[in-house]
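This report goes through one protein model part by part. Please look at the sequence and the structure before reading on.

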Amino acid sequence: MKHGIHFFDHSVFTTAIQDFTAVIKEDPSNAQARLYRGRAYAKQQQYRHAIQDLAAAVHLDPSCWLAFYYRGCILRQIDPKRAVQDFSVSVLINDTQENFCSFLHRGIVYSEECQWSLAICDFESVLALDSSAIFAYLNIGLILLLHLDQYYEAVRQFTNAIEIDPLNIRAYVCRAQAYHKINNLSNAVKDINRAIHLYPNKSQLYVLRGQYLMELKKYELASLCIHQLGEMDEESFTSQPVQQALIQSFCQNHNKAIECLCEDTATQPEPSMFVILGKIQMKAKKTKDAVRSFKKAMKLLMTSAKILPNTFEAAEMYYLTGLCYMEQKSFLRARDAFSMAIRLHSSYPDAFYQRGLCRMQLRQAECIRDFNRALALCPSHFQAYMSRAAYYGSKGRYSKAILNCNEAIKILPNSVQAYFYRGTLKYQNKTFKAAIEDLSKTIDLNKTCILAYYNRAVCYHQIKDFRKALKDYGVLLLLELSEEISLKVLINRGLLYMELGDYANACEDFKEATLLSPDDSQIFQAIGICYHRLHEFEEAVRAFDQVLKLDPVSVDAYVGRGNSYMDNGHEARCKQAQKDFLRAIHLNPKCIKARICLGYNLQALGKLQRAWSQFTVAICIDPKCHAAYDGRASVCLQMGETFAAFQDTNAALKLTTTAPLLTNRGIINQLMGYLPCAMKDYQQAISIDPNYALAYFNAANIYFHNRQLSQAYCYYSKVLQLDPRNESAVLNRAITNTLLSNIEEAKEDFEKAICLCPFSAAVYFNRANFYNRLKQYELAEKDISTALSIQPNDALMYKIRADIRGKLGFNKEAVEDYKQAISIQEQIDSM
């Protein structure tokens with residue numbers, strides 16, 4: 001017997017069996033020999049002999065708890081009820097720690113039989129006998145987690161297991177899943193990380209971590225997990241080609257994924273495998289290969305009658321084929337594929353939607369029916385609403401398009417696309433403030449949405465909120481823009497600056513725009529206009545020269561260059577300007593602008609009749625051109641034809657009422673002696689444009705003429721508020737102050753007048769009169785002498801200086817001045 005036990009302990013079961021058999025032959029009632037031989041038979045998987053020996057052992061010694069235990073272990077899989085009975089008898093005989101395995105195995109059988117409460121009782125009995133039995137904690141925890149939904153208690157059981165064995169990977173994984181159930185994702189990730197640290201080559205752990213990180217919205221870390229999976233070479237992982245292919249595809253290793261699936265489809269040609277292969281080929285932009293894969297899948301799916309079944313699986317194959325044709329721009333074939341998908345599965349909203357897109361590309365009105373059908377099948381189809389909005393928008397039905405955007409926003413309240421498109425539709429609908437609200441919402445959702453900033457800036461420009469428009473254009477130029485958008489932003493901002501009268505900044509934007517588009521003549525034209533407004537005429541000429549290099553027949557460039565020559569002030573430049581105006585007229589004889597500019601040019605050169613003719617031709621070309629009437633009126637006035645000038649100005653005023661035209665008519669009325677009519681025109685001009693200085697100045701002159709000095713003073717002051725460098729207004733106000741006895745103010749005005757116009761004889765002459773009235777004869781004599789040095793042949797000034805010198809006692813000098821005055825006057829009279 002001892003010999004047999006020795007071999008049994010050393011796992012030499014054949015020799016042990018022979019020894020125990022010899023004992024049993026000599027003593028058939030030896031229960032211990034039966035027990036050991038039964039156990040040896042079980043080790044050699046001779047379960048029938050083992051059960052016979054264990055049954056004999058129980059019969060010979062009914063108190064042998066080990067015989068019941070081992071027989072229960074053998075019967076556990078083939079007869080669970082008898083196994084439970086044996087384990088129960090075993091624990092009745094011996095319920096000490098020595099026999100805790102009977103409780104453990106009975107608990108396992110109860111678990112397999114779904115008797116959860118009995119199983120938990122047995123596992124708790126195990127723990128009562130041996131508190132370090134990790135397996136019991138894990139089993140209780142799994143029952144609570146998977147079957148009784150007691151997640152917090154499950155976490156406690158797994159924690160107990162971990163406290164006993166901190167290196168138990170299964171405990172960490174189970175607790176992670178329990179944490180996941182109670183939405184404690186951060187702790188779930190921590191436990192999975194610990195498990196990966198203990199077992200870094202287990203692919204399923206990376207899958208779980210990726211899942212939990214995705215739920216935590218930590219997409220970059222989740223993506224890293226999938227990439228780690230793609231780099232793993234675990235045998236269990238590589239034996240699953242579909243999973244491996246999907247992971248390689250996620251990692252953008254499309255060729256590797258395709259290679260993996262091609263090998264698998266060669267040995268196992270199944271429709272689903274070809275569909276997955278086709279999808280990955282689509283991701284790899286190999287649409288022709290994808291179409292072939294889908295066709296192979298269809299062929300495998302066909303019935304014996306070569307007909308595809310009316311299933312979603314078959315419809316999806318045609319749907320995916322249609323997407324491939326869409327990518328290839330084969331819209332007719334794509335439409336037919338989507339139609340086939342709809343025929344096989346009539347409740348396929350995506351197929352209707354994609355067919356609608358095809359029909360939109362083919363300009364077929366039926367597309368709207370497909371979008372409607374897609375929405376009838378799936379009322380939450382966001383893209384269908386957006387596509388329907390795009391269709392109505394393309395037809396100019398903006399209100400209906402906006403309603404579809406509203407529905408899309410109800411589905412996705414934070415959609416950048418929906419808010420942006422609704423904003424652009426509202427812009428097209430001329431509801432700029434509403435468009436700004438939507439574009440602002442777009443920017444709130446996406447701070448770098450370039451087109452939203454651009455369109456909002458255009459809307460602000462439209463409603464004249466220039467400050468906010470400039471701010472948006474400024475933000476845009478700080479972002480990374482394409483050259484096309486940068487060019488548009490610079491041009492738009494330049495035009496906005498021009499509208500604000502800030503020609504310097506406008507010019508800088510246009511110059512920067514020329515770096516992006518050096519062959520755009522219109523940009524150089526704008527630069528020329530800016531320089532002209534800045535009185536930098538030479539620069540303006542150079543800009544217009546560049547326009548004419550790019551576009552030699554540009555009428556506007558010739559007119560612009562001609563105006564720049566004109567405003568330069570030299571007679572030679574005026575003649576060059578005349579040539580440019582004539583070239584413009586030669587290129588376009590009906591160009592009103594060129595004829596008007598030529599008219600003013602001829603007037604400046606003193607060729608009044610020819611100037612009059614040009615203005616008249618302009619009026620014949622366009623009888624409603626008020627500028628031509630105004631120009632002809634100025635020529636008539638210069639020719640002394642006051643009434644004709646009056647008629648032309650009235651004709652211009654019938655076409656448009658502006659402050660300059662009313663002021664011009666006022667001047668004509670004033671020349672004709674109709675001062676009340678002139679004053680009425682000036683006052684009307686002021687009411688139309690309260691900032692038009694010339695109207696105030698002429699009205700002030702009439703007040704001065706009528707000796708209404710207080711009113712004249714107020715109007716001259718208003719002129720100087722609007723135009724502080726108007727020397728005529730300063731001088732006239734100085735004279736008015738003199739007559740009003742505002743001595744100090746008069747002095748200040750005369751000083752300003754001299755600063756503004758230091759070589760004006762009139763200023764010194766009037767200040768001499770001012771000092772003469774104040775009896776400050778020395779200052780008066782000095783100013784009148786200065787006036788005479790500037791204008792030496794003026795008899796009146798000699799006569800006044802003679803009077804002043806007489807008062808100073810310079811009689812001899814006074815007599816000489818009187819003689820000089822008489823001499824000059826005689827010369828004038830004799831002429």
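## A residue in a helix

In which helix is the place of Asn 193? Asn 193 sits in helix 12, which covers residues 185-198. Helices (H or I, at least four residues) and strands (E, at least two) are DSSP runs, numbered from the N terminus. Asn 193 is partly exposed, because its relative accessible area is 32%; buried means under 20% relative accessible area, exposed over 50%, and partly exposed in between (1.4 Å probe, protein chains only). Ala 176 is 17 residues from Asn 193 along the chain, and their C-alpha atoms are separated by 9.6 Å.

## The model and its confidence

This is a predicted model, in which local features need pLDDT of at least 70 and side-chain atom pairs count only at pLDDT 80 or more, while totals for chains, interfaces and linings use all residues. Residues are numbered from 1 along each chain as its sequence is written, and side-chain values use heavy atoms, with hydrogens and water left out.

The mean pLDDT (the predictor's confidence in each residue, from 0 to 100) of the protein is 83, and 82% of its residues reach 70 or more. Over residues 234-239 the pLDDT is below 50. Beyond near neighbours in sequence, this stretch has 12 contacts in the model, where contact means heavy atoms within 4.5 Å.

## The whole protein

The protein has 49 helices and zero strands. Of its 831 residues, 48% are buried. Among contacts with a separation of 6 or more, 43% are between residues 24 or more positions apart.

Arg 422 lies in helix 26 (residues 416-428). Arg 422 counts as buried because its relative accessible area is 14%. Not counting residues up to four places away in sequence, Arg 422 touches Ile 402, Cys 405, Asn 406, Ile 409 and Asp 438. With Asn 406 there is also a polar contact between the two side chains, at 2.6 Å. A polar contact is a pair of N or O atoms within 3.5 Å; within protein, one must be able to donate a hydrogen and the other to accept it, and residues adjacent in sequence count only if both atoms are side-chain atoms.

Thr 514 belongs to helix 31 (residues 503-516). Thr 514 is buried too, because its relative accessible area is 11%. Leaving out residues up to four places away in sequence, Thr 514 touches Ile 523, Phe 524 and Ile 527. Thr 514 and Ile 491 are 23 residues apart in sequence, and 9.7 Å lies between their C-alpha atoms.

## The largest pocket

About 320 Å³ of space lies in the largest pocket. On a 1 Å grid over the protein atoms alone, a pocket is an open set of points where a 1.4 Å probe fits, with protein on both sides within 12 Å along at least five of seven lines; lining residues have an atom within 4 Å of a point. The volume is the space filled by probe spheres set on the points, which are joined across faces, edges and corners.

The lining has 14 residues, of which His 532, Arg 533, Val 559, Gly 560 and Asn 563 lie nearest the centre of the pocket. Helix 32 (521-533), helix 34 (555-567) and helix 36 (592-604) are the elements that give two or more residues to this lining. Helix 34 gives the largest share, six residues.

## Two loop residues

Lys 464 is in the loop between helix 28 (450-462) and helix 29 (466-478). Phi of Lys 464 is near 65 degrees, a positive value in a residue other than glycine. Ser 741, in the loop between helix 44 (727-739) and helix 45 (743-756), has a positive phi near 65 degrees.
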